[in-house]
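Thanks for asking me to look over this structure with you. Have the sequence and the 3D view open side by side, and let us walk through it together.

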Amino acid sequence: LPQLHHLYNHPTPPLLLPQRPRRWAHMATGHTSAVPRRKDKLLVIMGATGAGKSRLSLDLATRFPFFEIVNSDKIQLYRGLDITTNKLPLPERLGVPHHLLGEFDPRDGDFTPADFRAVAGQVVSGITNRRKVPMLVGGSNSFIHAMVADRFEPGCNVFEPGSDASLSAELRYNCCFLWVDVSMAVLTEYLSKRVDEMLDSGMFEELAEFCDPDCQDKQDPAAVPTGLRKAIGVPEFTRYFKKYPQSKRDEDDDRERREAYEEAVRAIKDNTCQLAKRQIGKILRLRGGGWDLRRLDATDAFRAVVATTSSDSDGGERWSDIWERQVVGPSVKIVKRFLEE
Ligand code: ATP
């Protein structure tokens with residue numbers, strides 16, 4: 001086990017119960033008791049949506065069993081829409097502790113980067129206090145920046161267009177950044193396939209319950225889960241269900257209904273790819289701003305994943321072997337060196 005993390009005693013953090021984000025905002029300014037006296041280690045796994053961050057985090061956490069995972073996907077913070085938001089199901093977490101994954105009530109409103117800095121700071125302190133090592137995993141780069149920046153101005157999102165807040169190259173943790181990258185052409189193909197798989201796993205039915213005006217309790221405005229409103233899939237299918245609520249099935253409009261469904265699926269695929277492009281843009285900005293990101297190229301592994309369903313896939317190397325060799329192996333070396341530093 002790495003020895004350096006735990007030379008210091010931190011005050012025990014308060015019991016962390018899911019709270020309204022606003023309650024945490026006051027803790028986000030300057031250096032709070034959640035900030036370690038000497039820099040604790042924090043492994044950060046970054047990458048676009050679908051690039052394999054969760055997979056890599058589990059591969060590392062099963063090899064180094066003292067890691068605990070802290071989610072940094074702003075939508076996965078909330079309870080609900082587990083298929084649509086692609087939350088790792090409990091059995092697939094392989095017993096690795098996951099924090100801030102589906103812990104918050106979406107009716108309590110949107111988390112800000114400042115809220116995340118406060119809440120995730122507390123969780124990370126708790127993990128280091130227990131002599132474990134935190135691993136931050138997720139695609140919300142504004143949250144990652146807010147979490148690890150040494151200086152942070154609440155209310156500022158460094159990635160917002162027109163924001164004059166500057167990126168912080170000074171970090172409040174001793175960070176090791178792994179960036180799982182996949183070429184955009186291959187990732188686009190993979191993301192389209194992933195959306196189809198999510199639909200097969202029940203995404204449509206989940207969204208029907210969430211978006212269909214017939215299924216919601218319209219009497220209670222507090223029942224509208226604001227935090228999840230922006231999740232990709234919700235706006236696209238809200239438009240669909242407005243026109244074609246589940247209760248009004250009319251044989252006559254089946255063809256149009258089908259077209260509207262396909263339009264919604266197309267929009268989800270496009271918006272997911274746009275999200276991936278924006279995320280990569282933000283990662284490149286962080287790297288340009290001085291963050292030492294170690295890039296792992298997962299393109300070949302994803303090319304193999306995409307090929308497995310097409311007819312010409314015979315004879316190719318298994319994607320998991322390529323992933324192991326090109327992504328996990330190099331990551332393990334980097335992490336070992338980081339822990340021994
Ligand atoms: P920004 O501050 O510009 O919103 P960010 O880096 O903070 O970006 P992202 O993770 O890029 O946050 O999320 C931006 C948007 O992408 C979300 O508002 C949501 O629409 C969509 N999104 C992100 N994660 C998910 C997810 N797991 N499921 C569905 N949609 C998601």
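Here are my notes, as numbered points that go from the whole chain to single residues.

1. **The whole chain.** Please keep in mind that this is a predicted model. The protein chain has 10 helices and six strands. It is 341 residues long, and 52% of them count as buried. Now take the contacts between residues with a separation of 6 or more: 81% of these join residues 24 or more positions apart.

2. **The largest core.** In soluble globular proteins, nonpolar side chains tend to be buried together. Here the largest nonpolar core has 54 residues, and Val148 and Phe237 are the ones with the most contacts inside it. Two or more residues each come from β1 (41-47), α3 (113-129), α4 (141-148), β5 (174-181), α5 (184-200), α6 (203-211), α7 (234-243) and α8 (254-288).

3. If you set aside the neighbours within four places in sequence, Phe237 touches Phe204, Leu207, Cys211, Tyr261, Ala264, Val265 and Ile268.

4. **α7 with α8.** Two packed helices are described by the angle between their axes and the distance between the axes. For α7 and α8 the angle is about 170° and the axes are 9 Å apart. An angle over 145 degrees counts as roughly antiparallel, so α7 is roughly antiparallel to α8. On the α7 side you will find Glu236, Phe237, Arg239 and Tyr240; they meet Arg257, Ala260, Tyr261, Ala264, Val265, Ala267, Ile268 and Asn271 of α8.

5. **α2 with α10.** Next, turn to α2 (residues 53-63) and α10 (residues 319-340), which pack at about 60° with their axes 10 Å apart. These two helices are therefore oblique to each other, and their crossing is right-handed. From α2, the contact uses Arg55, Leu56, Asp59, Leu60 and Arg63, while α10 brings Trp319, Trp323, Glu324, Val327, Val328, Ser331, Val332 and Val335.

6. **α9 and its partners.** Which residues of α9 (residues 299-307) are buried? They are Thr299, Ala301, Phe302, Ala304, Val305 and Val306. The buried residues of this helix pack against β5, α5, β6 (293-297) and α10. With α5, the packing angle is about 40° and the axes are 9 Å apart, which makes α5 oblique to α9. The crossing of α5 and α9 is left-handed. Here Val186, Glu189, Tyr190 and Lys193 of α5 meet Thr299, Phe302, Arg303, Val305 and Val306 of α9.

7. **Cys176.** This cysteine sits in strand β5. Is Cys176 buried or exposed? Its relative accessibility is 7%, so Cys176 counts as buried. Leu42 is 134 residues away from Cys176 in sequence, yet their C-alpha atoms are 6.5 Å apart. Beyond neighbours within four places in sequence, Cys176 is in contact with Leu42, Leu43, Val44, Ile334 and Phe338.

8. **Ser168.** Look for this serine in the loop between α4 and β5. Ser168 counts as buried because its relative accessibility is 9%, and the cut-off for buried is under 20%. Gly289 lies 121 residues from Ser168 along the chain, with 7.4 Å between their C-alpha atoms. Leaving out neighbours within four places in sequence, Ser168 contacts His145, Ala149, Asp150, Arg151 and Trp291.

9. Most residues other than glycine have a negative phi. Leu81 has a positive phi of about 50°, and Leu94 has a positive phi near 55°. Leu81 is in the loop between β2 (67-71) and β3 (98-99), and Leu94 is also found in the loop between β2 and β3. What about their accessibility? Leu81 has a relative accessible area of 7% and is therefore buried, whereas Leu94, at 55%, counts as exposed.

Key: Residues numbered from 1 in each chain as written. Predicted model: local features only at pLDDT ≥ 70, side-chain atom pairs only at ≥ 80, totals over all residues. Heavy atoms only, no water. Core = buried A, V, L, I, M, F, W, Y, C linked by side-chain atoms within 4.5 Å. Buried < 20%, exposed > 50% of the residue type's maximum accessible area, 1.4 Å probe, protein only. Helix = DSSP H or I, 4+ residues; strand = E, 2+ residues; numbered from the N terminus. Contact = heavy atoms within 4.5 Å. Axes fitted to C-alpha atoms, helices over the stretch in contact; angles between N-to-C directions. Parallel < 35°, antiparallel > 145°, perpendicular 65-115°, else oblique. Left-handed = near helix turned anticlockwise from the far one by under 90°.
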